[in-house]
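Please look over the sequence and the 3D structure below.

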Amino acid sequence: MAVEITYPHIVKEPGKPARLEHHPRTRVAMIVMDYQGRGWSAEEIVRQYSYLKMAEVHASLAYYHDHREEIEQEIEAESAEVERLRRTTPESPLLKRLSALKAQTQRKG
């Protein structure tokens, strides 16, 4: 007999990323990226995002550990999209001015 595992605070609809029930714009992958990429503990994630509850962060991490491949594919796809946009989007005038200012400051220093 199969046992269905549920994750309190987590909503997973077919074809969509796993997300928090009460914060639909917060995906499990976002919490995992802070946990792994920034090295933040669950306590630090709650401190940085005051709208989150500790139980939501722990539920997200539990979901990740049980669905590692799914979440890692989502993170990989998002990283690839960011890199594609970085390569194909022209540099903004503001960024050009800031880069020039930085170069000028480095030459003086």
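How many salt bridges does the structure hold? The structure holds nine salt bridges, a salt bridge being a side-chain nitrogen of Lys or Arg within 4 Å of a carboxyl oxygen of Asp or Glu. This is a predicted model, in which local features need pLDDT of at least 70 and side-chain atom pairs count only at pLDDT 80 or more, while totals for chains, interfaces and linings use all residues. Residues are numbered from 1 along each chain as its sequence is written, and side-chain values use heavy atoms, with hydrogens and water left out.

One of the salt bridges joins Glu78 and Arg27, whose closest N and O atoms are 2.8 Å apart. Glu78 lies in helix H4 and Arg27 in the loop between E2 and H1, so the pair ties together parts that are 51 residues apart in sequence. Helices (H or I, at least four residues) and strands (E, at least two) are DSSP runs, numbered from the N terminus. Arg27 counts as buried because its relative accessibility is 18%, whereas Glu78, at 28%, is partly exposed. Here buried means under 20% relative accessible area, exposed over 50%, and partly exposed in between (1.4 Å probe, protein chains only). The side chain of Arg27 also makes a polar contact with the side chain of Glu74, at 2.5 Å. A polar contact is a pair of N or O atoms within 3.5 Å; within protein, one must be able to donate a hydrogen and the other to accept it, and residues adjacent in sequence count only if both atoms are side-chain atoms.

Another salt bridge links the side chains of Asp34 and Arg38 (2.7 Å, N to O). Asp34 is buried at 8% relative accessible area, but Arg38 is exposed at 54%.

Now to the core. The largest nonpolar core has 20 residues, and among those touching the most other members are Ile31, Val57 and Ile71. A nonpolar core is a set of buried Ala, Val, Leu, Ile, Met, Phe, Trp, Tyr and Cys residues joined through side-chain atoms within 4.5 Å. H1, H2 (42–48), H3 (54–66) and H4 (68–88) each supply at least two residues of this core, and H3 gives the most, with five. In soluble globular proteins, nonpolar side chains tend to be buried together.

Where is Leu95 found? Leu95 is in helix H5, residues 93–108. Leu95 counts as partly exposed because its relative accessibility is 42%.
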